[in-house]
Amino acid sequence: DRTIWCTMATADAQRRIRSRIVHPLWDGAVGWLLTDRHSPKARDIDGNPWTSLTYIDSAQEQVHVECSAVWEPRPAE
């Protein structure tokens, strides 16, 4: 609850790690992210759905989430 932004790491087609700041919205164990379907992040996920999220707050406390990403094709969701 103290921090909402996190770093998301993915691997590109050459297996290079790329990270960016994201803002997941959590619904229980499911986290939702919005992104352009043709962004570098989307291409990374298409090639390898495994990702790592890292939250860190001002007290340097950390939470790491290892997960896989899937596309939700229904816009209403």
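Mentor: E72 is partly exposed, at a relative accessible area of 30%. E72 pairs with R74 in a salt bridge, and their closest N and O atoms lie 2.6 Å apart. That is one of five salt bridges in the structure. Side chains of opposite charge can pair when their charged atoms come close. Keep in mind that this is a predicted model.

Now to the part itself, strand β2. Strand β2 covers residues 17-22 and is an edge strand, pairing on one side only. The other edge strand is β6, residues 62-68. Both belong to an open sheet of four strands. Read across, the order is β2-β1-β5-β6, and the pairing is antiparallel. From one strand to the next, the twist averages 20 degrees.

The partner of β2 is β1, residues 6-11. Two positions let you trace the pairing by eye. A11 has I17 of β2 as its bridge partner. Further along, S19 in β2 stands opposite A9. In a regular strand, side chains alternate between the two faces of the sheet.

The hairpin of β1 and β2 has five residues between the strands. R15 takes a positive phi there, near 70 degrees. R16 also sits in the loop between β1 and β2. The side chain of R16 meets that of D12 in a salt bridge, at 2.7 Å from N to O. D12 is buried, because its relative accessible area is 9% and the cut-off for buried is under 20%. Leaving aside residues up to four places away in sequence, R16 touches T10 and A11.

D44 forms a salt bridge with R18, with the closest N and O atoms 2.8 Å apart. D44 lies in helix α1 and R18 in strand β2, 26 residues apart, so the pair links distant parts of the chain. How accessible are the two ends, D44 and R18? D44 counts as buried, at 4% relative accessibility. R18 counts as partly exposed, at 30%. The pair does not stand alone. Salt bridges that share partners join R18, R20 and D44 into one network.

Finish with a nonpolar residue of the strand. I21 is found in β2. I21 is exposed, because its relative accessible area is 57% and exposed means over 50%. Together with I4 and W5, I21 makes a nonpolar surface patch of about 340 Å².

To recap, β2 is an edge strand. R18 ties β2 to helix α1 through D44.

Key: Residues numbered from 1 in each chain as written. Predicted model: local features only at pLDDT ≥ 70, side-chain atom pairs only at ≥ 80, totals over all residues. Heavy atoms only, no water. Pairing = 2+ DSSP bridges. Helix = DSSP H or I, 4+ residues; strand = E, 2+ residues; numbered from the N terminus. Axes fitted to C-alpha atoms, helices over the stretch in contact; angles between N-to-C directions. Patch = residues over 30% accessible without salt bridge, like charges linked within 9 Å, V, L, I, M, F, W, Y side chains within 5 Å. Areas by Shrake-Rupley, 256 points an atom, 1.4 Å probe, with all protein chains shown as cover. Salt bridge = Lys/Arg side-chain N within 4 Å of Asp/Glu carboxyl O. Buried < 20%, exposed > 50% of the residue type's maximum accessible area, 1.4 Å probe, protein only. Contact = heavy atoms within 4.5 Å.
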